[in-house]
Amino acid sequence: MKQEEPNFWVLEYVTITKDSRTGLVVAIGGTEQAADILQRTGGFVTAPGPRGDYHRLPHGLPIAQQRLKATTASHALLAAGHSVHLDPALNMLATPDGDRDAALRYLTQLAERASAAETSSEVAEVLTEVAAPCTGCCP
């Protein structure tokens with residue numbers, strides 16, 4: 001029995017990303033229903049392109065507004081059953097460099113504890129937390 005390849009409706013997929021050349025947040029792909037959702041929930045405008053219309057956010061929006069509008073539009077599209085790829089840099093709900101920021105906060109806390117240490121055993125506790133063979137940050 002030969003299995004057939006599934007039909008993917010690639011044109012129904014919507015990709016929301018920031019164009020590196022122009023700096024515009026654009027949405028490519030989708031149906032007319034998706035275009036309507038982009039316009040109503042995200043404030044996207046339709047623009048003519050070389051391969052058909054595409055959607056973009058208005059010029060001059062601050063980055064925080066771009067992220068908010070792109071995230072809002074992507075979630076509305078997902079709720080309506082569309083397949084969406086949202087550039088992680090535009091996702092308002094993601095924390096950019098979240099792991100790095102958490103590590104820096106932790107290291108700052110350790111440095112403060114080491115500076116405030118009054119006994120050698122308090123310093124040893126901090127050093128153990130950093131370099132313990134199995135449980136330290138840098139085993």
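Between which strand and which helix does the loop with methionine 92 lie? Select methionine 92 and you will find this residue in the loop between strand S5 (84–86) and helix H3 (98–116), where helices (H or I, at least four residues) and strands (E, at least two) are DSSP runs numbered from the N terminus.

This is a predicted model, in which local features need pLDDT of at least 70 and side-chain atom pairs count only at pLDDT 80 or more, while totals for chains, interfaces and linings use all residues. Residues are numbered from 1 along each chain as its sequence is written, and side-chain values use heavy atoms, with hydrogens and water left out.

Stay on methionine 92, which is partly exposed with a relative accessible area of 35%; buried means under 20%, exposed over 50%, and partly exposed in between, with a 1.4 Å probe and protein chains only.

Next, select helix H1 (residues 32–42), where arginine 40 and aspartate 36 are four residues apart and therefore separated by about one helical turn. These two residues, arginine 40 and aspartate 36, form a salt bridge whose closest N and O atoms are 2.9 Å apart, the term meaning a side-chain nitrogen of Lys or Arg within 4 Å of a carboxyl oxygen of Asp or Glu. A search of the whole structure finds one salt bridge. Colour the pair by accessibility: arginine 40 counts as exposed at 58% relative accessibility, whereas aspartate 36, at 34%, counts as partly exposed.
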